[in-house]
Amino acid sequence: MSQRQVLQVFETYQKARTQFVQTVAELATRPQNIETLQNAGVMSLLRPLLLDAVPTIQQTAALALGRLANYNDDLAEAVVKGDILPQLVYSLAEQNRFYKKAAAFVLRAVAKHSPELAQAVVDCGALDALVISLEEFDPGVKEAAAWALGNIARHNGQLSQAVVDAGVVPLLVLCIQEPEIALKRVAASTLSDIAKHSPELAQTVVDTGAIAHLAQMILNPDAKLKRQVFSALSQIAKHSVDVAEMVVEAEIFPAALACLKDPDEYVRKNVTTLIREITKHTPELSQIIVNVGGVAAVVDYLGDSKGNARLPGIMMLGYVAAHSENLAMAVIVSKGVPQLAICLEEEQEDHIKAATAWAFGQIGRHTPEHARAVAVANVLPKLLNIYLDSESLEDLQVKAKKALKSILQKCTYLPALEPLLYEAPSNIVKHVVCQFSKVLPHDSKARRLFVTSGGLKKVQEIKAEPGSAIQEYINAINSCYPEEIVRYYSPGYSDALLERIENYQPV
């Protein structure tokens, strides 16, 4: 065989290998092909090609493996069991930038599925190799490494701590200062994944000066970047008063409120989440948000949103109102109550209804004025219906009942209370009767209306244990009226009158 023929054989073999990995990589992009590829044993065929003498074959083999591992945890598990990870980690330090991106993609694809698979990536020494990749000149390599690190850190505090201990955070902060938008996005996302687990991990992110650099990007025109920036700031701010204050001191308000009108729904939701995480801590932080117009802006946001996107806004209004009378009044003045009433009416998910009920409780529990603002929005019957609905989840029923009681204990607006006398169960009626017993002694017009509307008659029909709290309230109401009026509206009085007529002997 001549030299030319030998070379032709090698060339044919190389073309076949190239065509094979390219075809597998292409097939792996379509979900319908994955099971067939898996059953054909493609993993074991790709593994030796990671060490191929031809760089493009190596890269394409890694890309194909990444696409397969990305599809489900069974295939990711197959990558781990096939001892492919150590090979990739070794190559990360040795190969060119194209291969490094492909290798980091495989690590990212394996790590995303579960804490156990992410731990397998850590155990094969990937963290050190990925940290080195973060220091590469090529932004694509940095992005691929940051993404893999984020997929490791996202699962739990232990894995996140391992990522931090590898020295990743300062390098990520450098990455968010790079000009490439894609790199900024992934670095901000990974910082968010690290910070979310504990106050200590969030503090590590804060200590590297991340807040100031994140704050500079809140008005960047790129929506995907803003999503990650607001997510990272939220995950930092949620842990403690100190870090929340640091986020506020970065002067992101009122500029961040403009993003509540952003065309991107995730940007809007993440800004609202950030505001919620800040306001929940202290009255002072809530007051800062109120002062810059944050409550009114969130109320408008709720009007423009639907479903789960509303949840952080609803909770934010509840947190603000919970702190003090003045802050609850700020929610009322900003027309928060009618908007929350719309949310309660429109939303079908129990967890959103539960948050809305809780928020109403926080607004209405302070003073009679606060309770009246909730009552005039016709919220009390809605809360009662939710509480009595057997199809409501237990958590929703508990929150509706608690909100109803806390509002009723302050409410002196009788037109809203009276319908509950007829509809509410005894454990709720007790609070309604209590409020009537407080108001009627001091309001003659209300006493008259209470009789003509049938309220007094209804109260006489309540079966109360002698000496019970509700009996005391009924007695207090009855003492507001002449004895014959009370007797007239008592059950059985008409029968007694008829009996007297029957027994009456004309003179």
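Helix 21 (residues 311-323) has 13 residues, which at 1.5 Å a residue should span 18 Å; the end C-alpha atoms are 19 Å apart, in agreement with that expectation. The expected span is 1.5 Å times one less than the number of residues. Helices here are DSSP runs of H or I with at least four residues, numbered from the N terminus.

The model is predicted: local features need pLDDT of at least 70, side-chain atom pairs count only at pLDDT 80 or more, and totals for chains, interfaces and linings use all residues. Residues are numbered from 1 along each chain as its sequence is written, and side-chain values use heavy atoms, leaving out hydrogens and water.

**Burial of helix 21**

The buried residues of helix 21 are L311, P312, G313, I314, M316, L317, G318, V320 and A321. Buried means under 20% relative accessible area, exposed over 50%, and partly exposed in between, with a 1.4 Å probe and protein chains only. Among the elements covering these residues are helix 18 (265-279), helix 19 (283-291), helix 20 (294-304), helix 22 (325-333), helix 23 and helix 24 (350-364).

**Helix packing**

Two packed helices are described by the angle between their axes and the distance between the axes. Axes are lines fitted to C-alpha atoms over the stretch in contact, and angles run from 0 to 180 degrees between N-to-C directions.

| Helix pair | Angle | Axis distance |
|---|---|---|
| Helix 23 and helix 26 | about 30 degrees | 11 Å apart |
| Helix 18 and helix 19 | roughly 140 degrees | within 8 Å |

Helix 23 and helix 26 are therefore roughly parallel. Angles under 35 degrees count as roughly parallel, over 145 as roughly antiparallel, 65 to 115 as roughly perpendicular, and the rest as oblique. Their contact (heavy atoms within 4.5 Å) is made by A341, L344 and E345 of helix 23 with V379, K382, L383 and I386 of helix 26. By class, five of these residues are nonpolar, none polar and two charged. Ala, Val, Leu, Ile, Met, Phe, Trp, Tyr, Cys and Pro count as nonpolar, Asp, Glu, Lys and Arg as charged, and the others, Gly among them, as polar.

Helix 18 and helix 19 are therefore oblique to each other. I275, I278 and T279 of helix 18 meet L285, S286 and I289 of helix 19 in this contact, which has four nonpolar, two polar and no charged residues.

**Residue R185**

R185 belongs to helix 13 (residues 181-195) and is partly exposed, with a relative accessible area of 25%. Not counting residues up to four places away in sequence, R185 touches D222, K224, L225 and Q228.

How values were computed:
Helices (H or I, at least four residues) and strands (E, at least two) are DSSP runs, numbered from the N terminus.
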